[in-house]
Amino acid sequence: MPASEQRLAGIAAIFFASILWGTTGTAATFAPELSPLAVGAVAMGTGGLLQGLIAAAAIMRQRRLIAQHWRYLLTGALAVAIYPLAFYASMRFAGVTVGTVISIGSAPLLSALIEYRLDGLRLTRRWAGGALTGLVGMALLCIAKSGGHDTGGEADRALVGILLGLLAGFTYALYSWSARRLMQQNVAPRAAMGATFGGGGILLMPVLLLTGAPLLAAWNNAAVGIYMALVPMFIGYLCYGYGLARIPASLATTITLLEPVVAALLAVLLVGEKLSPTGWTGVVLIVGCLAIITLPAKQPGARRATADSR
C-alpha cells in the first residue's frame, strides 16, 4: 500500500476509535454506583487483557525483541494503568464534557512535547496552527461547561477534575509514544499494542478486585462494564493500534480531539448537560482543527514527509 494510502487508512482508523471513545463518559453515567476507579479498571483492565490475549502468539514470537526494549514496555504499561483512573475521575469531578476535553485535548500538546524532547521531531507550522485552533476550541468548551461552578466547593471539584484530566492527557500521550517506539524497533503493531495494554491490564487487576464489587450488584452496572471493556477499550484500541503504526503519535493524538466533540454531543443529547453558544463555537473550532491537520497539504515539504514516515 502506498504511503499516502497508509496515512489515510491510519487517520480513518483513529477517527473511528475516537468516536467509540467519545461514548465512554455517557456510558459511565448509566452506572452511578460505580466509582471512577472501578470504571477505569474494568474498562482498560479487561480491555487491555483481551488485547494481550489476542496478541499472545505475536508477543511470544517477538518476546526477545520486546525484552530488549523493556523500558518502552514498562513506560507504556504504567501509563496505560494510570490513564483510565485519572480519566474517569476527571469526568466524575468536572463533568463528562470538561473531563473529556481536558484529558484528550491536552494530549496532542503533551505528545508533541514528548516527541520534541525525546525524539527531536520538528512539527510543521500547519500542525502548530491546527493544534492552536483545537486548543482555543477546547478552552471555549471548558469555559462554557464550567461557567456554572459558582460555589467554592464546586469550583474546587472542577479544579481537581482539570488537574486529573491533565494527568490523563500526559499518560495518554506517553503510552501512545512508547507503543509507537516499540513499533519503530521492528515490533509488530499487534505485539506492541498487546504487550503494552496487556501489561497495563495486569497492573489494573488489583484495583478492579478492590473496587469492582458493585459491578455484580446490578445488571446496569454489569452491562456498562461489559460495554466499556469490549467496545471502546477493546475494539477502539485495536483501531488505534492500527492507525498508530501508520502515522506519528502527535498526529494520532491530535485526531482524537474528535472524542471530546462526540462526548459533548452525547452529554447534551442523553445526559442532559447543556452547551452554550460559546461551547458550540468550541466544537466548531475543534472540527476545524481536525480538518487543518489531517487533510493532505498541496505541496508537502521534506520535513513533513520525514515526520510522517517516522
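Leaving aside residues up to four places away in sequence, Tyr240 touches Ile14, Ala17, Trp21, Tyr172, Ser176, Met193, Ala252, Thr253 and Thr256, a contact being heavy atoms within 4.5 Å. The model is a predicted one, in which local features need pLDDT of at least 70 and side-chain atom pairs count only at pLDDT 80 or more, while totals for chains, interfaces and linings use all residues. Residues are numbered from 1 along each chain as its sequence is written, and side-chain values use heavy atoms, with hydrogens and water left out.

Tyr240 is also among the residues with the most contacts inside the largest nonpolar core, together with Met44, Tyr83, Tyr175 and Tyr237, and this core has 69 residues. Such a core is a set of buried Ala, Val, Leu, Ile, Met, Phe, Trp, Tyr and Cys residues joined through side-chain atoms within 4.5 Å, where buried means under 20% relative accessible area, exposed over 50% and partly exposed in between (1.4 Å probe, protein chains only). Helix α6 (residues 70-94) gives the most to this core, with 10 residues; helices are DSSP runs of H or I with at least four residues, numbered from the N terminus. Apart from this core lies another, of 16 residues, including Ala94, Leu258, Val261 and Ile286.

Helix α3 (residues 36-54) packs against helix α10 (residues 189-211) at an angle of about 145°, with their axes 6 Å apart, the axes being lines fitted to C-alpha atoms over the stretch in contact and the angles running from 0 to 180 degrees between N-to-C directions.

Asn186 counts as exposed because its relative accessibility is 62%.

Technical notes
Helix = DSSP H or I, 4+ residues; strand = E, 2+ residues; numbered from the N terminus.
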